[in-house]
Amino acid sequence: QVQLVESGGGLVQAGGSLTLSCAASGRTFSGYAMGWFRQAPGKERDFVAGINWSGTSRNYADSVKGRFTISRDNAKNTLYLQMNSLEPEDTAVYYCASGSMYSYPSRYDYWGQGTQVTVSS
């Protein structure tokens with residue numbers, strides 16, 4: 001059974017940084033592209049960033065380009081999202097997902113339970 005477990009969320013002031021982690025188990029982590037999504041209250045789940053199986057190709061939403069960095073460590077079966085220059089608009093529950101590096105949720109087959117990120121102004 002595939003499991004994705006996010007961690008690293010919390011409360012941070014605007015301009016601050018956080019690093020999210022997603023620990024994967026249940027299948028060969030290095031065989032799959034991965035992505036991060038986020039969902040704010042009352043809004044749809046939005047794509048944040050994606051990465052291919054080897055980490056050599058990345059894809060970002062325009063809203064986070066230059067501020068967020070997605071990476072992975074296949075030896076540790078872990079996906080990361082480094083978030084810098086955080087803004088109140090980044091407040092959301094952040095989800096990691098497996099199966100693609102693109103912005104279409106239907107291309108992902110497994111999802112984590114989410115971790116809350118709150119950015120105060």
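The model is predicted: local features need pLDDT of at least 70, side-chain atom pairs count only at pLDDT 80 or more, and totals for chains, interfaces and linings use all residues. Residues are numbered from 1 along each chain as its sequence is written, and side-chain values use heavy atoms, with hydrogens and water left out.

**Exercise 1.** Determine which residues the disulfide joins, and state whether Cys 22 is buried or exposed.

*Solution.* 
1. A disulfide is a pair of cysteine sulfur atoms within 2.5 Å. A search of the whole structure finds one.
2. Cys 22 and Cys 96 are the partners, with an S to S distance of 2.0 Å. Cys 22 lies in strand E3 (residues 18-25) and Cys 96 in strand E9 (residues 92-98), 74 residues apart. Strands (E, at least two residues) are DSSP runs, numbered from the N terminus.
3. Buried means under 20% relative accessible area (1.4 Å probe, protein chains only). Cys 22 is therefore buried, at 0%.

**Exercise 2.** Describe the largest cavity by its volume and the classes of its lining residues.

*Solution.* 
1. On a 1 Å grid over the protein atoms alone, a cavity is a set of points where a 1.4 Å probe fits but cannot get out; lining residues have an atom within 4 Å of a point.
2. The structure holds one cavity of 30 Å³ or more. The largest cavity has about 50 Å³ of space, a volume being the space filled by probe spheres set on the points.
3. Its lining includes Val 2, Phe 29 and Ser 98. By class, six lining residues are nonpolar, three polar and one charged.

Technical notes:
On a 1 Å grid over the protein atoms alone, a cavity is a set of points where a 1.4 Å probe fits but cannot get out, and a pocket is an open set with protein on both sides within 12 Å along at least five of seven lines; lining residues have an atom within 4 Å of a point. Ala, Val, Leu, Ile, Met, Phe, Trp, Tyr, Cys and Pro count as nonpolar, Asp, Glu, Lys and Arg as charged, and the others, Gly among them, as polar. Helices (H or I, at least four residues) and strands (E, at least two) are DSSP runs, numbered from the N terminus. Buried means under 20% relative accessible area, exposed over 50%, partly exposed in between (1.4 Å probe, protein chains only).
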